[in-house]
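These are my notebook entries on a structure that I looked through element by element.

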Amino acid sequence: MDNLATKKFYVTTPIYYVNARPHLGSLYSTLLADVAARYQRLHNKKVFFLTGTDEHGQKIAQSAAAAGKEPKEFVDSFIAPFKDAWALYNIEYTRFIRTTDPEHIAAVQAWIERLLVSGDIYKSHYAGFYCTPCETFVTEKDIPQESLQEAAIPLCPTCGRVTEYVSEESYFFKLSKYQEQLLDFYKDNPHFITPPERMAEVIAFVQSGLKDLSISRTTISWGIPFPGDKHHVTYVWADALNNYITGVGYGQPHKEKEFNFWWPADLQVLGKDIVRFHAVFWPAFLMASHLALPKKLLVHGWIKIGEHKMSKSRGNAVDPIELAATYGVDQVRYYLVRHLAITQDSPFTYPELEQRINSDLAHDLGNLLNRMITLALKNNLSRVVPPAELSPESVVLYETGKNILVRFMQEMESGYMNRAYAIVWEYIQAVNKYFHVREPWKRVKISQQDFDETISAACHALYTIGYMCLPLMPTKMEQLLQQLGMSLELDKDIYAELLSEPWNKTFVLTQGEILFNKIEPQKEETMAEEVKTTPTITIDDFAKIELRVGTIEDVQTLEKSDKLYVLKVNFGAFGTRQILSGIRKSFTPDHLLARQGIFVFNLAPRKMMGLESQGMMLFAKEGQERLILISPEHKVENGTQLS
Ligand code: ME8
């Protein structure tokens, strides 16, 4: 929790190319940054949240020409769609930077001038391949050998599209000079990149040898003019990456104090497609400028539709505006941040989104709040004062809450926001169970005092949950807190307070609107009308099937199949088994990990795609395709048999 030591938090998103409207992928990065920013504000930190748009380069110039517009007019037309989408999703950024902002342009030019003087930028000649969609020079070692042999023009190793050969005078950044310094930095800062697997890729890339980086072009004109040489414009990444410092005042003398306060960034959020630019080029630019390096890069995977990355160019992009209109802003925020695995690629599916809204939000959380308030008010309890003493069950709930809060904060600090919210849901389940066990609807007939105590404990637990979920669902959680009679307190470190305070609050309950309505699942057109049944079997037939509970400890995808997951399932004393399951369309790995399920344990092993499956996982099947995970009501010992 290193960031808690300082009172400021500076977070950035990638700046998005403005050749199309924002889609779910750009929303995802921006949401992660927003949740981090809101979380840190609740720690009473001063927060600067920078996002914006990347507006120069060949790709934008080509898109503008195709649309019959001047580049500036073209890029201007996309600013409102971005700002409107972010406003709709309650993205609370501090500044929206555009790389066409005059102060950014001046600061990038001053940066180049300084590095020309120091010798870190020099003029030479570039001959090689360029990928316009990625706006990147493709170095020889990146080009797959087959691609070199098969065609005169190689394909881009990142996006697989045809590159173009360029041979022109160019300015270079002395990237090679920083190879050792970069490797030392990674060694000294092993947590620089979350997740650590990406760090290994970056180190391998740098170890394989760095070439100097071309940072200017002579054959395009839509870019920042290169200072002192009118034939050149700045290559997009030398322009774009610097937004992270110019956005907080770098190179602007009247903003020197501001810059020194905010820099270095505490968290930079980005997708795995641009990790090399951020983990290699960007630190080297900063080293050359004698500036501190960012504290952490949070590198997330891709949102996929089926097998493909969601992208503007593929035409499979989901529109965040339409999604919010159908499902609600906070519901979409919840689903993306909680259910997409930050560390891996995750499929986006409507059934999964609907299922999460119905089960996690409407059932687990919304219903809990609603049931508790309805019951209290029905029994004339609206002002809930803290009890003189907590019952043993409430003490457990209290202690669990503190423990959950510590684990939640650890995951938030290290960037694993999906895991942090999985932990919050553990607590929501615990509160539901507490309510179920305490049976306040029966208790009220025996002891009013006991009833009041139970309601107070549930209110305190929901209050903690409300603040943990506030960064994720700001509107809904403000409503939740209001129904508990609490107004938002934003001028203190609320998490420190929640951690240290006893349950001593007085709540004033009011019945508000239902927080989350259930979604009527979209009807499957092909759904069979008649109810099918199978012939009856005898009890002896049934006794042949051995069903056991196991915990899923690992989920791997199979390259060759778009349906199968390879699960590692722990059956306790019965060992760990590999089980293949064709459920990729219904669940993300994150949804399955650490969950208990029911398995046919004595099914004869069979081979699928060359791998042995040693059992079968059971699901409830709604309609043609919708699978619902079946778990024991509460955790049981792995290997427990069903009877
Ligand atoms: O690369 N899943 O801009 P860009 C998850 N201008 N995230 C996705 C995504 C997907 N399917 N598609 C896009 C650029 N993203 C440069 C960045 S930064 C100095 C310059 C997100 O518009 C993800 O964060 O292509 C990815 O890195 C970013 O959008 C790329 O946006």
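I call a residue buried under 20% relative accessible area, exposed over 50% and partly exposed in between, using a 1.4 Å probe and protein chains only. The model is predicted, so I kept local features only at pLDDT of at least 70 and side-chain atom pairs only at pLDDT 80 or more, while totals for chains, interfaces and linings use all residues. Residues are numbered from 1 along each chain as its sequence is written, and side-chain values use heavy atoms, with hydrogens and water left out.

**Entry 1: the chain**

I looked up the overall form. Of the 643 residues of the chain, 55% count as buried. The chain has 22 helices and 26 strands; these are DSSP runs numbered from the N terminus, with helices being H or I of at least four residues and strands E of at least two. I noted that the C-alpha trace spans about 85 × 60 × 50 Å along its principal axes.

I searched for aromatic pairs and found 44 in the structure. Rings of Phe, Tyr and Trp (its six-membered ring) pair if their centres lie within 6.5 Å; planes under 30 degrees apart are stacked, over 60 edge-to-face and the rest tilted. Phenylalanine 571 is in the loop between β19 (565-570) and β20 (576-581), and phenylalanine 599 is in strand β21 (residues 596-600), so the pair ties together parts 28 residues apart in sequence. Phenylalanine 571 also pairs edge-to-face with phenylalanine 601, with centres 4.8 Å apart and planes at 70°. Phenylalanine 601 lies in the loop between β21 and β22 (606-608), so its pair with phenylalanine 571 ties together parts 30 residues apart in sequence.

**Entry 2: charged side chains**

I found 33 salt bridges in the whole structure, each a side-chain nitrogen of Lys or Arg within 4 Å of a carboxyl oxygen of Asp or Glu. Arginine 356 and aspartate 360 form one of them, at 2.6 Å from N to O. They are four residues apart in helix α14 (residues 350-378), which means a separation of about one helical turn. Arginine 356 is buried at 4%, and aspartate 360 is buried at 3%.

Lysine 476, in helix α19 (residues 474-483), is buried yet has no salt bridge. Which side chain of opposite charge is nearest to lysine 476? It is glutamate 513, 5.9 Å away; Lys and Arg count as positive and Asp and Glu as negative, with His and the chain ends not counted.
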